[in-house]
Amino acid sequence: MTYEEAEKELVRIVERLERGDASLDEALGLWERGEELYRFCAAQLAAAEGKIEELAKRVDAARPAG
Amino acid sequence: MKVEPLLYGDRKVYTVAAFNRGVASWLQRLPTIWVEGEVTELRRQAAWQTVFFTLKDPDGGACLRAAMPRSQFDALRLDLRNGERVHVYGRPELWEQKAELRLRALSIERFGIGEHLAALERLKAQLAAEGLFAEERKRPLPRLPRRIGLVTGNDAAAKRDVLTAIQSRFPPARVLVAETYVQGPRAAAEMVAALEAVCAAPEVDVVVLARGGGSFEDLLPFSDERLVRAVAGCPVPVVTAVGHEQDTPLCDLAADRRASTPSAAGRLVVPDVDELLAGLSRARAGLARGARRTLELHALRLAQRHERLRRAPALLVERRRAALAEAGGRLRALSPRGTLDRGYAIVRRDGELVRSATSVVAGDAIAVEVADGSFGARVE
């Protein structure tokens, strides 16, 4: 799941809940799913440090033309 | 020309001249081609039948000696000077006496900035006609790429600028950097290879191609047809940040987004983490609010149902009573009582209703019932 997918689903759940037309069981399930999605998104943003990786240096790898 | 070896038993041995001639005749089979280079060591003397010069790559420094008959050279009226860029049409040949390779020039064309620009314009028109720069080809950038590819020079300030912009706006970003040549004759092919390499890495959702400012010639690889096609054909969106604002290399036109500087490119490919967090906590608040609202609506509905349930028995009795009263009214309307009240009487003889005057004779005892009672009578 990407952040964007999780966020989109979270927004859909919020809208559904705010309409108030879900059954109680359903509402409870939606709420739990929403919290789960929230935690997933928050964890992605909270990753303290990003990562810079270097692809194997190409500069000195002479390549035959063509 | 057949080159004959000397024979010493089994061993074939060639004289230097024969070897050179052999190589020279082999070289003659090579095709006639165009070579681009800078003119250096131009030597033209009235006493010589041939004009000599050396062609050099401006960056790599590779050299190639070239020669052209003086009459042909003069007929071109190029007034060439050392340092000028030319295209030479010719074929390789060996100067047999010295075994020196040189290009036998058949034609020379000056290839200065003007010619460069003209060639670029032709390429631009051709690629535009193919639809490579079309607006509908542009893809939206991912809002939050899992991984960002960065293709840039190895000591480039551009690289630092992109990384700084990305990390300050979105600290958790993951970047895959491919350092490559960004100028010189090998740059275009190297950049294409680097672009393909980062795209092939897992989870790379967007690629930045960045290079700081440079001369017109420095930026030429960014207009190379191979690179432009690679940018257009890249499986993920590409953001270019090449040179300064006023430079528009062709790869900018093929890119999905063009940034004015490497820093701007960095800001384009990641969201602002603070904005994301704010949006996320809004969503979470909405989640709690929505759940509470759903609960409240259900509670309200329950209370309404309970109230109706509570009132149900009284309602039922009331409804029965009304129905009863109505039935009683209708019953009364139908009973003979109402008729007697209006002054009519019921006559019986021996307990039988008297319905006809012919069913009694004078002297019969009859009973007469009126509204408030009955009395006996006798028929006359």
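Chain B of this predicted model has a mean pLDDT of 90, and 99% of its residues reach 70 or more; pLDDT is the predictor's confidence in each residue, from 0 to 100. The model scores ipTM 0.74 and pTM 0.62. In this predicted model, local features need pLDDT of at least 70 and side-chain atom pairs count only at pLDDT 80 or more, while totals for chains, interfaces and linings use all residues; side-chain values use heavy atoms, with hydrogens and water left out. Residues are numbered from 1 along each chain as its sequence is written, and chains are lettered from A and ligands numbered from 1 in the order in which they are written.

**The two chains**

- Chain B has 10 helices and 16 strands; helices (H or I, at least four residues) and strands (E, at least two) are DSSP runs, numbered from the N terminus.
- Confidence in chain B is lowest in helix H10 (residues 336-341), at a mean of 77, and highest in helix H6 (residues 225-232), at 96.
- Of the 380 residues in chain B, 36% are buried, where buried means under 20% relative accessible area, exposed over 50% and partly exposed in between (1.4 Å probe, protein chains only).
- Among contacts in chain B with a separation of 6 or more, 60% join residues 24 or more positions apart; contact means heavy atoms within 4.5 Å.
- Chain A has two helices and one strand, in the order α-α-β along the sequence.
- In chain A, 33% of the 66 residues count as buried.

**Helix H2 of chain A against helix H9 of chain B**

- The axes of H2(A) (residues 24-46) and H9(B) come within 10 Å and cross at roughly 170 degrees; axes are lines fitted to C-alpha atoms, for helices over the stretch in contact, and angles run from 0 to 180 degrees between N-to-C directions.
- H2(A) and H9(B) are therefore roughly antiparallel to each other, a term for angles over 145 degrees.
- Residues making this contact include A:Trp31, A:Tyr38 and A:Leu45 of H2(A) and B:Leu280, B:Arg284 and B:His298 of H9(B).
- By class, the contact has 15 nonpolar, three polar and two charged residues; Ala, Val, Leu, Ile, Met, Phe, Trp, Tyr, Cys and Pro count as nonpolar, Asp, Glu, Lys and Arg as charged, and the others, Gly among them, as polar.

**Residue B:Thr294**

- B:Thr294 lies in helix H9 (residues 273-334) of chain B and is buried, with a relative accessible area of 1%.
- A polar atom of the B:Thr294 side chain lies 2.8 Å from the backbone oxygen of B:Gly290.
- Leaving aside neighbours within four places in sequence, B:Thr294 is in contact with A:Leu17, A:Gly20, A:Ala22 and A:Ala27.

Technical notes
A polar contact is a pair of N or O atoms within 3.5 Å; within protein, one must be able to donate a hydrogen and the other to accept it, and residues adjacent in sequence count only if both atoms are side-chain atoms. Angles under 35 degrees count as roughly parallel, over 145 as roughly antiparallel, 65 to 115 as roughly perpendicular and the rest as oblique.
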